[in-house]
Amino acid sequence: MNHLEPASQSRQQQIFTVTRLNSAVRMILEQDLGLVWLTGELSNLAMPSSGHWYFSLKDMSAQVRCAMFKGNNRRVPFRPQDGMQVLVQARVSLYEPRGDYQLIIESMQPAGDGMLALRFEELKRRLGAEGLFDEGRKRPLPREPRAVGLVTSATGAALHDMLTVLERRAPDLPVFIYPTQVQGSAATAQIVSAIMLANRRAEVDVLIVGRGGGSLEDLWCFNEEAVARAIAGSAIPVVSAVGHEVDVTISDFAADLRAPTPSAAAELVAPDRSTRAQRLVHLRQRLTQAMSRHQVAARHGFVLLQKRLDHQDPKRRLEQQSQRLDELDRRLQQHLRDRLHQGERRLAGLAMRLQARSPEKLLAIGKRRHQLAEERLHALIAKRQDLARHRLAMLGARLDGISPLATLGRGYAIVRTPSGEVIRRASQVNAGQTLITTLAEGALRVRVDEVDNR
């Protein structure tokens, strides 16, 4: 016994409840692993009304469940979708009520080109907050420029397109070319140097900075902060003409005017005295640009306010309860649907019962009952009338038996005074008095000759 007691006590000390075990495992995962970075593909994305996000992160061989609470997902600058490749920072954790291993996502950003897009949004927000894109800093283009400067590649198709348009619209307009690379690591410094050179020489009234179309990576030198500050700091009005119409760069926001293409930029700066159509296009573009900047500034303000609110991160217990609340909400919705189906089936049964007891059937039964009652009533009335007639005949016979008329019929008479008093005794009459004698048929007026009181 002495050898068994310690082993028994040891086993008792190792007994866990399920709740305690899940809690211990969660603490081990969160404390030992801490924050991890990983990349994968989004799938099974769900965004319930609570504001939290639930999804799976997978690669070619495995997947893991993830939860991103609304305090963190408000800082995500894009709209996630199933199939999107993302880079996340997460805490390894355990959802205790179900014992499910999961990740609590702290931050999310796109992978691949998405990283460049994220850098683009961050720089745009920061420079916009400084006022670098304010409409008040924009300068109007000269209506009659004396010379035009082109900051672009000397061998690119964009230069040929701009020179073609300028030759067609204003063949006498001097054009100065400031050649530079428009792609690659050296392009940023060369573009900045070309803008500064044009400002030092002061030989043109307007500058076009741009290139032809390309991928986001190809156009990235026009999204660099140094280029944006050089454009914004230029004493010469600058038109940004980077890529195609759908391409948007930081240079477009910093410039005094954005042109959808290099050819369009040449159209805007070259005067056309024969028509005012281009001026209308220019005014429309400036209005659209002003509205866009206003919307961007409003969005930036909204993001700043959101970040101020998001500084108070929810506690882990609150996160667990929020996730539990979402699960209960799903169960409640399912329960409500089940109850609704039960109600529909019950309603169908009641409808069948109601149809079986339709008013027409009840009315026919009521009419039949009324007819039977009416027949019984008529029979009862006839029976009552027969009984009444029989009783009336009996009472008439009895009445006839005691009637004074019957007595008179046997030879008796009723004697009255003229005043109607009935004579019962001889003492009531005096000799010579006139009396009226009523017979069974008719009456006699008689005079009394003598009164005998015996």
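Is threonine 437 buried or exposed, and what is its relative accessible area? I will start there and then go through the rest of the model.

Threonine 437 is buried, at a relative accessible area of 12%. Buried here means under 20% relative accessible area, exposed means over 50%, and partly exposed is in between, with a 1.4 Å probe and protein chains only.

Some housekeeping. This is a predicted model, where local features need pLDDT of at least 70 and side-chain atom pairs count only at pLDDT 80 or more, while totals for chains, interfaces and linings use all residues. Residues are numbered from 1 along each chain as its sequence is written, and side-chain values use heavy atoms, with hydrogens and water left out.

On confidence: pLDDT is the predictor's confidence in each residue, from 0 to 100. The average for the protein is 84, and 91% of the residues score at least 70. Residues 1-11 have pLDDT below 50, and this stretch has zero contacts in the model beyond near neighbours in sequence; a contact means heavy atoms within 4.5 Å. Where pLDDT is low, the predicted coordinates should not be read in detail.

Back to threonine 437, which lies in strand β12. Strands are DSSP runs of E with at least two residues, helices are runs of H or I with at least four, and both are numbered from the N terminus. Outside four places in sequence, the contacts of threonine 437 are Ala413, Ile414, Val415, Gly442, Ala443, Leu444 and Val446.

The sheet around it is open, with three strands in the order β11-β12-β13 and antiparallel pairing. Strands count as paired if DSSP finds at least two bridges between them. β11 (414-416) and β13 (443-447) are the edge strands, each with a single partner, so one side of each has no neighbour in the sheet. Neighbouring strands are turned by 25° against each other on average, direction ignored; the axes are lines fitted to C-alpha atoms, for helices over the stretch in contact, and angles run from 0 to 180 degrees between N-to-C directions. β11 and β12 (residues 434-438) are joined by three bridges, and arginine 416 has isoleucine 436 as its bridge partner in β12.

Next, the barrel. Five strands close in the order β1-β2-β3-β5-β4, with mixed pairing. β1 (residues 35-46) and β2 (residues 53-58) pair antiparallel over four bridges, and serine 43 stands opposite serine 56 in β2.

Last, helix α9 (residues 262-269), which is mostly covered, with seven of its eight residues buried. Among them are Pro262, Glu267 and Val269.
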